[in-house]
Number of protein chains: 2
Amino acid sequence: MTSNPRIVFAKRPAPHELPKIGEHLIFDESRTIDLENVPLNGGFLTKTLILSPEPAMRERMRDPSIPSYTTTFNVGGPILGFGVVVVLRSEKDGFKPGDYLYGLTVWEAYTVQPYIDGRVNFKAEEWSPGTFDMDSLALQVVPNPNGLYPLSKYTSIMGTPGLTAFVGMEGIIDGKEGETLFVSSGASAVGSMVIQLAKLKGMKVIASAGSDAKVEYMRSLGADLPFNYKKVSYAEFLKKHGPINKFWDNVGAEALDAALESITSYGKMAICGTSGTDATPPNEHYRLKNAYLIMKKCINIRGFIVPDLIPQFIGKFFETVPALMAQGKLRSEETEYDGIESAPQAFIDTLSSGHQKAGTLVVVVARD
Amino acid sequence: MTSNPRIVFAKRPAPHELPKIGEHLIFDESRTIDLENVPLNGGFLTKTLILSPEPAMRERMRDPSIPSYTTTFNVGGPILGFGVVVVLRSEKDGFKPGDYLYGLTVWEAYTVQPYIDGRVNFKAEEWSPGTFDMDSLALQVVPNPNGLYPLSKYTSIMGTPGLTAFVGMEGIIDGKEGETLFVSSGASAVGSMVIQLAKLKGMKVIASAGSDAKVEYMRSLGADLPFNYKKVSYAEFLKKHGPINKFWDNVGAEALDAALESITSYGKMAICGTSGTDATPPNEHYRLKNAYLIMKKCINIRGFIVPDLIPQFIGKFFETVPALMAQGKLRSEETEYDGIESAPQAFIDTLSSGHQKAGTLVVVVARD
């Protein structure tokens with residue numbers, strides 16, 4: 001028997017409460033698995049290599065009665081998130097030992113995969129808005145990435161962050177040469193891709209983050225005007241360096257309000273995250289003063305999640321992004337956390353941005 | 001010589017100040033015109049019949065340095081707005097004496113039309129966003145309407161209010177049978193059309209206004225759940241009768257905030273007006289608390305003006321709306337103001353909603 005440690009969801013945090021290790025998330029080492037003989041029931045057994053802590057996982061911790069864009073975790077069960085796994089045994093056509101898979105997986109060392117009947121085909125007609133959630137992003141076979149790039153790129157460029165940035169830039173921002181884009185939280189996994197994709201389109205890029213190290217990271221990715229919003233306000237910086245034509249928002253609150261003021265008529269906004277309010281109760285949220293400009297300037301604002309745009313752009317993503325990465329035109333930095341026992345802390349650091357590190361956090365569970 | 005009274009724009013009101021008669025708007029009777037001999041210079045001479053006071057005219061009074069969706073009035077010149085005119089003399093092909101025209105016209109009794117080289121063809125390629133403004137809605141020949149409906153319908157169903165509602169419902173709201181739509185300011189010229197168009201699509205309609213007379217008007221137009229927002233708050237009413245799937249906003253502020261809370265995932269919002277904040281300075285605006293839900297519920301919000309959607313839907317408008325009106329399936333009430341001297345008051349009443357009357361305000365300058 002082999003130890004099969006996992007991360008258990010022990011209790012729902014209060015709304016806007018940062019989850020705590022030992023209270024809401026527990027590292028559970030009590031389980032074992034018989035890798036040779038565990039029944040597969042027509043499925044397949046995987047070993048977890050990489051886990052990708054992402055803000056959307058916090059959404060799964062909410063009370064199931066609150067509507068949002070994900071399903072919710074079950075209290076007492078293991079948590080679920082994106083990762084890279086390798087197939088150890090298989091009874092399923094199309095999945096053979098040694099295959100690498102990327103997608104949603106249980107955060108444990110070994111898994112008899114229950115997600116195999118998820119929506120594995122990216123067919124637009126199966127994806128009408130509201131009929132699915134992030135769970136739709138079931139495990140997919142991917143090329144053995146180690147020959148092409150490190151597995152950790154599945155937490156950034158090749159993972160849902162990169163995919164989110166790519167489909168949003170194609171489907172909503174639709175950037176043109178010479179336009180100015182502002183991206184909030186530009187040093188995040190998504191934001192860092194947005195900066196680079198915008199530069200590839202010939203856009204001027206203004207980008208914000210909350211530490212000087214992140215400002216330098218954004219600059220290294222090509223951002224023309226990176227700034228630390230803790231040192232100069234969003235409104236002040238955009239007043240000086242705007243106007244902007246497009247806005248990619250990972251933050252909301254002050255960032256969104258300043259963007260409403262700065263954006264030109266017929267500007268477009270892709271709303272991808274709300275980190276500026278996620279950790280505070282609604283009655284303490286920053287309250288928007290510039291919403292009246294939506295009409296005056298004929299602004300188009302779209303909140304979205306990655307599955308909304310996958311059917312249309314997944315093909316183009318796989319055609320262009322791996323090649324751009326191979327050519328060095330898309331890059332990312334990752335900070336590794338070692339072992340599945342570090343996964344709760346990596347996730348909490350992702351939420352709190354307290355780590356002050358530039359780049360994407362990644363949990364390395366096993367190195368093959 | 002014939003008297004040619006007009007409305008002169010004497011002074012810009014301060015931002016968010018209601019214009020005043022005698023200070024910002026002056027009824028000027030000093031001018032005369034020689035109807036027989038005034039040179040036409042290849043254009044044509046018209047007599048004004050109907051003028052349509054509309055909120056967008058207030059936008060033209062702003063300082064030209066403030067970006068918005070219209071051009072601005074020149075201080076000392078006559079004001080401009082929508083109206084119905086009849087051709088008296090013409091040197092221009094396609095315009096003959098007796099023709100009725102609808103579109104932007106100078107607010108005076110007689111005009112040698114300067115707008116004839118405006119964009120009179122509704123070709124999408126000439127109308128890319130940001131290259132035009134409401135001025136694009138140049139005078140167009142319309143059928144002699146008196147045989148079909150009163151001229152006053154050009155301030156409501158057949159005018160820019162009806163057109164705005166139609167193209168926004170087609171191009172943004174895209175209502176489906178069984179969906180619930182909330183329209184704010186549902187007794188306004190635009191709102192009253194939105195209610196009826198939504199009912200024709202089989203939607204359930206929630207509609208707000210600020211007086212009981214308006215509530216009864218909205219009910220008479222088919223609104224399922226009309227309410228007086230001065231008696232019950234937007235948030236409270238929508239909490240009780242929601243959720244909503246679509247939102248047509250003429251108000252902003254509390255109405256928009258409540259709609260963000262009530263709307264279902266993937267809901268759509270057409271932002272058409274901001275009457276809730278137009279009369280207050282930005283630092284006194286109601287501040288939105290629910291903007292973070294744009295992302296959580298993947299909401300699509302679009303601020304728009306009628307020219308944005310005209311190329312796509314003008315044909316369908318003329319195919320369907322006059323017939324629906326003739327069949328009694330689209331109706332409106334108008335309140336007439338008599339004579340061009342009443343135009344400033346009619347315009348101010350439109351802005352202030354102080355009149356408490358249900359239906360659309362119309363200035364009858366001449367009865368043919």
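Predicted model: local features only at pLDDT ≥ 70, side-chain atom pairs only at ≥ 80, totals over all residues.
Figure 1. The peptide bond linking Gly242(A) to Pro243(A) is cis, with omega at about 0°. Turn to chain B and you will find a cis bond between Gly242(B) and Pro243(B), where omega is about 0°. Pro243(B) belongs to the loop between helix 5 (234-241) and strand 13 (244-249) of chain B. These bonds deserve a close-up because most peptide bonds are trans.

**Figure 2. Two residues of chain B with positive phi.** Most residues other than glycine have a negative phi. Asp174(B) is not a glycine, yet its phi is positive, at about 50°. Look for Asp174(B) in the loop between helix 2 (160-173) and strand 10 (180-183) of chain B. Its relative accessibility is 32%, so Asp174(B) counts as partly exposed. The side chain of Asp174(B) also meets that of Lys176(B) in a salt bridge, 3.1 Å from N to O. Lys176(B) is partly exposed, at 42% relative accessibility. Ala253(B), again not a glycine, has a positive phi of about 50°. Ala253(B) lies in helix 6 of chain B and is buried, with a relative accessible area of 9%.

Figure 3. Is Thr48(A) buried or exposed? With a relative accessibility of 1%, Thr48(A) counts as buried. Thr48(A) is part of strand 5 (residues 44-52) of chain A. Its side chain reaches the backbone oxygen of Glu108(A) at 2.6 Å. Leaving aside residues up to four places away in sequence, Thr48(A) touches Val84(A), Val85(A), Val106(A), Glu108(A), Ala109(A), Val365(A) and Ala366(A).

**Figure 4. Helix 6 of chain A and what surrounds it.** Eight of the 10 residues of helix 6 (residues 253-262) of chain A are buried, so the rest of the structure largely encloses this helix. Among the buried residues are Ala253(A), Leu256(A), Asp257(A), Leu260(A) and Ser262(A). Which elements do the buried residues of helix 6 of chain A pack against? They pack against strand 10 (180-183), helix 5, strand 13, strand 14 (263-271), helix 7 (293-296) and strand 15 (300-303) of chain A.

**Figure 5. Salt bridges within chain A.** Over all chains, the structure holds 34 salt bridges. Side chains of opposite charge can pair when their charged atoms come close. In one such pair, Glu179(A) and Lys246(A) bring their closest N and O atoms to 2.9 Å apart. Glu179(A) is in the loop between helix 2 (160-173) and strand 10 of chain A, while Lys246(A) is in strand 13 of chain A, so the pair ties together parts that are 67 residues apart in sequence. Glu179(A) is buried at 17% relative accessibility, and Lys246(A) is buried at 6%. Another salt bridge joins the side chains of Lys96(A) and Asp99(A), at 3.1 Å from N to O. Here Lys96(A) is exposed at 52% relative accessibility, whereas Asp99(A) is buried at 10%.

**Figure 6. Where chain B meets chain A.** The contact draws on 35 residues of chain B and 36 residues of chain A. Together the two chains bury about 3,200 Å², with 61% of that area on carbon and sulfur atoms. On the chain B side, Arg287(B), Met295(B) and Lys296(B) lose the most area to chain A, together 23% of what that side buries. Four salt bridges are counted between the chains. One of the bridging residues is Lys296(B), which pairs with Asp278(A), the closest N and O atoms being 3.0 Å apart. There are also 15 residue pairs in polar contact across the interface. Strand 15 of chain B gives the largest share of the side that touches chain A, four residues. The residues on this side of chain B divide into 19 nonpolar, eight polar and eight charged.

Figure 7. A disulfide needs the two sulfur atoms within 2.5 Å. For Cys272(B), the closest cysteine sulfur is in Cys298(A), 9.6 Å away and likewise too far. Cys272(A) is buried at 14% relative accessible area, and Cys272(B) is buried at 13%. Over all chains, the count of disulfides comes to zero.

Methods:
Residues numbered from 1 in each chain as written. Chains lettered and ligands numbered in written order. Heavy atoms only, no water. Buried < 20%, exposed > 50% of the residue type's maximum accessible area, 1.4 Å probe, protein only. Contact = heavy atoms within 4.5 Å. Buried area = accessible area lost by both parts, 1.4 Å probe. Polar contact = N/O pair within 3.5 Å; in protein donor to acceptor, adjacent residues only side chain to side chain. Nonpolar A, V, L, I, M, F, W, Y, C, P; charged D, E, K, R; others polar.
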